[in-house]
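Hi there,

Here is the structure I promised to pass on. Have a look through it first, and then read on for what turned up.

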Amino acid sequence: MNDKKNEAFRIITALFGGLAGGFFAAVIVLFALQKWTMRMDVQTVIIGCIFAVFLPACLDVFARYEIPLMAAEVIMVGVSYLITSLYASQTAGNTAALDAMNQLFAIFHALALVVVAVRFFIRRKAARR
């Protein structure tokens, strides 16, 4: 019975950790983009990409408590994408700006998912050794 409680606690912690992490990741990405006044130049895209890709690694502290990191990180990226997409739909002045922002956020979060997957496979291989 205690094992089931521990497993439920781990799953709930991964869920809430991913939700909170996704919210804070979206806030950080949007703040960084606003800091550079939403210019769509190379510097802005690279900096935003760095934030979006490496923020899921902040959840690695959960590994100490045997929380499922993959689930928490995927939830984090999904929530962040949802929030940034909602932000784009509310703030874009026209269709071209909305499309550009949606493409930018899709690129950020797709790369973040790729990095999460790569890190998962690296951790999995290291655990097998």
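A residue is called buried when its relative accessible area is under 20%. Please keep in mind that this is a predicted model.

With that cut-off in hand, let me begin with Glu73, which sits in helix 3. Is Glu73 buried or exposed? Its relative accessibility is 0%, so Glu73 counts as buried. Leaving aside residues up to four places away in sequence, Glu73 touches Pro56, Ala57, Leu59, Asp60, Val116, Arg119 and Arg123.

Helix 2 covers residues 42-54. From first C-alpha to last, its 13 residues reach 18 Å, close to the 18 Å expected at 1.5 Å a residue. Which residues of helix 2 are buried? They are Thr44, Gly48, Cys49, Ala52 and Val53. Because these cover an arc of only 145° around the axis, they lie on the same side of helix 2. On the face turned away from that buried side you will find the exposed residues Val42 and Phe54.

How many disulfides does the structure hold? The count is zero. For Cys49, the closest cysteine sulfur is in Cys58, and at 15 Å that is too far for a bond. Cys49 also counts as buried, because its relative accessibility is 14%.

Finally, the overall picture. The chain has four helices and zero strands, giving the pattern α-α-α-α along the sequence. Its C-alpha atoms fill a box of roughly 55 × 30 × 20 Å along the principal axes. Of the 129 residues in the chain, 30% are buried. The accessible surface comes to about 8100 Å², and 70% of this belongs to carbon and sulfur atoms. Among contacts between residues at least 6 apart in sequence, 70% join residues at least 24 apart.

Best wishes

Notes. Residues numbered from 1 in each chain as written. Predicted model: local features only at pLDDT ≥ 70, side-chain atom pairs only at ≥ 80, totals over all residues. Heavy atoms only, no water. Helix = DSSP H or I, 4+ residues; strand = E, 2+ residues; numbered from the N terminus. Buried < 20%, exposed > 50% of the residue type's maximum accessible area, 1.4 Å probe, protein only. Contact = heavy atoms within 4.5 Å. Expected span 1.5 Å × (residues − 1). Arc of directions from axis to C-beta. Disulfide = S-S within 2.5 Å. Areas by Shrake-Rupley, 256 points an atom, 1.4 Å probe, with all protein chains shown as cover.
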